Amino acid sequence: MDVSHIFEQLNEAQRSAVASEPGPLLVLAGAGSGKTRVLTYRVAWLVQVRNVSPLSILAVTFTNKAAQEMRGRIEGILGYPVGGMWMGTFHGIAHRLLRAHWREAGLAQGFQILDSDDQLRLVRRSLKQLNLDEGFWPPKSVQWFINAHKEEGRRPEGIPESQDAQQRELLRIYKTYEELCQRFALVDFAELLLRAFELVKHNELLRDRYQQRFRHLLVDEFQDTNAIQYEWLRLLAGQQRNIFVVGDDDQSIYAWRGARVENILQFEKDFPGTTVLRLEQNYRSSGTILEAANAVIDHNRGRLGKRLWTADEAGEPLRRYAAYNDIDEARFVVDRIQSWVDAGNLRSEAAVLYRSNAQSRVFEEVLLNAGMPYRVYGGLRFFERAEIKDALAYLRLITSRQDDPSFERIVNMPTRGIGNKTLDQVREHARINQTALWESALAQIHSHQLTKRSALALGKFIDLINALATDTQGLPLADRVDVVLQRSGLLQHYRKEKGEKAEARVENLEELINAGRNFDHDIDDDGDALASFLAHAALEAGDAQAEEWEDCVQLMSLHSAKGLEFPLVFLTGMEEGLFPHQRSLQEPGRLEEERRLCYVGMTRAMRQLYVTHAEVRRLHGRESYTSPSRFLGEIPKQLVDEVRSGFTLRPAVEAEAAAGGSGDADGMRLGDRVHHRKFGDGVVLSIEGRGQYTRVQVNFETGGSKWLVLAYANLDVL
Ligand code: ATP
Ligand code: MG
């Protein structure tokens, strides 16, 4: 077998990882050193050189997108499709297991996935059922309590009775919540993992079967596995112990969600004889970017420690920009991206990273104004938009009538004369009889407890759902969605609404039909495309959001940038309180996690890295003065160029003019109002360069901000 084409793309250390003998193996290496690449080639090598069947490989990736990419790459290396290989996120794989073994897992066949919003709603309902006041029991905290226990594998029965009354009460809520989930055939994200874990733990037959089947386990981003995920992996690895994990302790950024970087140390203990390999050459970033990132992460204690080097040249310096406010920051970023594109590069090579999702809005606005296509990666998720959730609720209810959150969402959406009073009666009946709302509605209609009008309206809804279920059965997925949108009245409802928002909603709904059309569900799924589609919508929200074909700027939170790389990166909002985040300032552990996040952000950059901060920022509706992030101070000065702009630089410009200089700035000052023949009136935002190269940035009232060469611009100072 010719393996040279696999090996020639790898360095020596990578090769030894890819071709290592079976058994436990841990690749511990820094950002951009080729961990993901090694994992991918390992799969190809197993299949091609070791003749391992793709069916006996289980590969865990961090996002669904990563799974897709990896599958594509492996098929590229091998030259043929590898259907049947299990490759996906922990959640996706857990869901697949539970779908196949719902009975053994104690679930209903058509069980649905609860996303975080739906979960919160169900928590509220649990509180209501227990007559507890939301004021005393904030639903978000309860949700956190429940998830934290699930992530550690604790069911209510397994939690020792506490002395503390509050803890006891929380436990009671957890119990009630679990009962509701079970009754309505709903599974939240944490539950997916816990159930899948319990399934292989308690069911010896199944465990054997999957241990036999999955001869090779591979895990990317191992540093971010939580307790349950890790235990689940250990169970599946069984006696064969063919487990290949890659990770970087410096990139552990999910401790707040239960991830345990200690799993890296634990791994060697749990799998004696583990081969530990290190990769030290970084192939991603320029020397300067790498040096800056290394300097920042050096401020953390308690690292496993590693040195990264690159054969690349130093490249360009980092650039730092101090904006007056968040809008100026966004304009600057968009302006630089425009120059990047003007120079013949792709928009998709540019990524704008931020700490908090709320920051995306301003960038979106400025990008929109500039007419520059963009994509919010993992943010404004398509499947999270209200109208999409409405449509999905219809689809879910026709799949599973017990799905109460969906029932609640659409029973009167669009309005069909079913009032809150009627619904309260139905809810009360459901609570007393411990049934789903659907069944209670039926019972209420038949028992003549409702007014004639209400009963009629409710009956119509019931009939509609039943009819949609039967009439669309057997239709192709896209047609099913189409019919549901039409006959539910949803499309019409949004068409009647006025304005751009409503238009966008209609477009979104129409896009859902497209989504159905483009959806190819897994071939070895049980053939129910709608069920797969709904799971996909719940699990992959956002992953495949924008038009794939369009070249667009990438916007994303630092957390979702993990594993990715871009030639041009903007690390924005680098201010104390924002990044590092306010919540982390009091706790050293949290602060170190923020620094790792900064390291992750910086190491996404291949060629150019901008770091920006705003002196004034509007956050959560309030405007306040900020100070630059401490992480900026941790980057060695000689690696950074300050971009000259902003009122802060006024003295320098004045000094230059006063010194006689070139005088080319013509006495022009920042903040001056100027007039341009074509663009009209505007305000000078920045002045760069000197002599004949002096450039000014003017924010024109109609045309937005533009960079002009002063010598040619013929600006009149007003
Ligand atoms: P991260 O920690 O950020 O997830 P990683 O360790 O997984 O990074 P990869 O994404 O696998 O790193 O690799 C980083 C970049 O370097 C990719 O563009 C990859 O194709 C390239 N690369 C890795 N190894 C080599 C190599 N031996 N020769 C050329 N390019 C390589
Ligand atoms: Mg990677």
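Predicted model: local features only at pLDDT ≥ 70, side-chain atom pairs only at ≥ 80, totals over all residues.

Me: What volume does the largest cavity have, and which residues line it?

Reply: The largest cavity holds about 50 Å³ of space. Its lining is Asp 250, Asn 294, Ile 297, Asp 298, Arg 303, Lys 306, Arg 307, Leu 308 and Tyr 599.

Me: How does that lining divide by class?

Reply: Count 5 charged residues, 3 nonpolar and 1 polar around the largest cavity.

Me: Now the second largest cavity. What is its volume, and what lines it?

Reply: Its volume is about 40 Å³. Pro 22, Gly 23, Arg 42, Leu 46, His 216, Leu 217, Asn 242, Ile 243 and Phe 244 form the lining. By class, that gives 5 nonpolar, 3 polar and 1 charged residues.

Me: Which helices and strands each supply at least two residues of that lining?

Reply: Three elements do: helix H3 (35–48), strand S6 (216–219) and strand S7 (243–247).

Me: On to ligand 1, then. How many residues surround it, and which are the closest?

Reply: Read a shell as a list of neighbours, then ask where they come from. The shell of ligand 1 has 19 residues, and the closest are Lys 35, Arg 37, Gln 251, Glu 565 and Arg 604. H3 gives the largest share, 3 residues. By class, the shell has 10 polar, 6 charged and 3 nonpolar residues.

Me: What distances separate Ser 33, Gly 34 and Lys 35 from oxygen atoms of ligand 1?

Reply: Ser 33 places a backbone N or O atom 3.2 Å from a ligand 1 oxygen. For Gly 34, a backbone N or O atom is 3.0 Å from an oxygen of ligand 1. Lys 35 uses a polar side-chain atom, 2.6 Å from an oxygen atom of ligand 1.

Me: How much of ligand 1 does the protein bury?

Reply: Ligand 1 alone exposes 640 Å², and the protein buries 85% of that.

Me: Why does ligand 1 lie between domain 1 and domain 3?

Reply: Because both domain 1 (4–98 + 194–281) and domain 3 (293–381 + 545–644) contribute residues to its shell.

Me: Last, the backbone. Which peptide bonds are cis?

Reply: Read omega for each bond. Met 413 to Pro 414 is cis, with omega near -5°. Pro 414 sits in the loop between helix H17 (404–410) and helix H18 (420–433). Phe 579 and Pro 580 are also joined by a cis bond, with omega about 10°. Pro 580 is in the loop between strand S13 (566–571) and helix H25 (588–602).

How values were computed
Residues numbered from 1 in each chain as written. Chains lettered and ligands numbered in written order. Heavy atoms only, no water. 1 Å grid on protein atoms, 1.4 Å probe; cavity = no way out; pocket = protein on both sides within 12 Å on 5 of 7 lines; lining within 4 Å. Points joined across faces, edges and corners; volume = space filled by probe spheres on them. Nonpolar A, V, L, I, M, F, W, Y, C, P; charged D, E, K, R; others polar. Helix = DSSP H or I, 4+ residues; strand = E, 2+ residues; numbered from the N terminus. Near = heavy atom within 4 Å. Polar contact = N/O pair within 3.5 Å; in protein donor to acceptor, adjacent residues only side chain to side chain. Areas by Shrake-Rupley, 256 points an atom, 1.4 Å probe, with all protein chains shown as cover. Domains from an automatic or database assignment.
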